[in-house]
Amino acid sequence: MKIAVTGKGGVGKTTLSALLARAIAEDGKPVIAIDADPAANLASALGLPVAEWPEAISRMKRLIAERTGAEEGYGKFFKLNPDVADLPAKYSKTIHGVRVLVLGGVSTGGSGCLCPENALLQALVTHMLLKPDETVILDMEAGIEHLGRGTADAVSMMIIVVEPGARSIQTAATIRRLAADIRIPRLGIVFSKVPLDAPTPKATGALEGLPVLGRISLDPGLVQAEIEGKPAWTGRDPQRSEVQAILSAVRATPTS
């Protein structure tokens, strides 16, 4: 499976990404978690000590220049399809059976810029999504900058994480429109921070028609782990059953 996780900042998409990766690893399957959010907190959510966090690829100026052939300054030529096949093995770290790779954000020219950094990051994401033998969890910011028409069909599911609230739903509706522009075939919603004793919300209004894949409850253990900087995965219910239900729903959701 190739799962892209996105949503408004603070809704819990990094937590969900970490939970999905750990659940898959616990089943003994190879999985790589890619942090494509400039906030870069996925390594922490997976439990990797700060001193061992992978360096963000976007900050490796020498590597970017070598692979893209970019020269300093604007208006220079560079490769749009650089060689990236060896980068995941070189620059990822492994924790609890999950390999984590940090892309980082693009600091030059703004998000989505046509620049050497973005060319390398997009090539790397494309390489991982088209690689058939590994599950990929892609923790994204609230957008689709690292995806394109060439990789849309490779995405098993784009999960939009939504918490109860108008701003989160508004962001989710925008992501839905962006995903339609590049024809991502499968979209679904996971509701987060749902009170334990409350029913799972339904997709209404701007989200109507999208499948609800499941929920992540407002579990006190999960909240405490975030406060203390501990791994998101506890392996206890309701967490375990909720994450397994989401993975089952991803496998069962047909192309729209």
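In which sense do β3 and strand β4 (residues 98-102) pair, and over how many bridges?

Tutor: β3 and β4 pair in the antiparallel sense, over three bridges. Two strands count as paired if DSSP finds at least two bridges between them; strands (E, at least two residues) and helices (H or I, at least four residues) are DSSP runs, numbered from the N terminus. Within this pairing, V98 in β4 is the bridge partner of I95.

Some conventions apply to what follows. This is a predicted model, in which local features need pLDDT of at least 70 and side-chain atom pairs count only at pLDDT 80 or more, while totals for chains, interfaces and linings use all residues. Residues are numbered from 1 along each chain as its sequence is written, and side-chain values use heavy atoms, with hydrogens and water left out.

The two strands belong to an open sheet of eight strands with mixed pairing, in the order β3-β4-β2-β5-β1-β6-β7-β8. Its edge strands are β3 (93-95) and β8 (212-217), each of which pairs on one side only. On average, neighbouring strands of this sheet are turned by 25 degrees against each other, direction ignored; axes are lines fitted to C-alpha atoms, for helices over the stretch in contact, and angles run from 0 to 180 degrees between N-to-C directions.

β4 also pairs with β2, here in the parallel sense over five bridges, and A33 stands opposite V100 in β4. β2 is in turn joined by six bridges to strand β5 (residues 135-140), and these two run parallel. In that pairing, I34 stands opposite L138 in β5.

Strand β2 (residues 31-36) is largely enclosed by the rest of the structure, because six of its six residues are buried. Here buried means under 20% relative accessible area, exposed over 50%, and partly exposed in between (1.4 Å probe, protein chains only). In a regular strand the side chains alternate between the two faces of the sheet. In β2, V31, A33 and D35 point one way, I32, I34 and A36 the other way, and all are buried.

Elsewhere in the sheet, helix α7 (residues 166-181) lies across β1 (2-7), β6 (157-162) and β7 (187-194), running at about 165 degrees to β6; contact means heavy atoms within 4.5 Å. Strand β7 contains K193, whose phi is near 55 degrees, a positive value in a residue other than glycine. K193 is partly exposed, with a relative accessible area of 36%.
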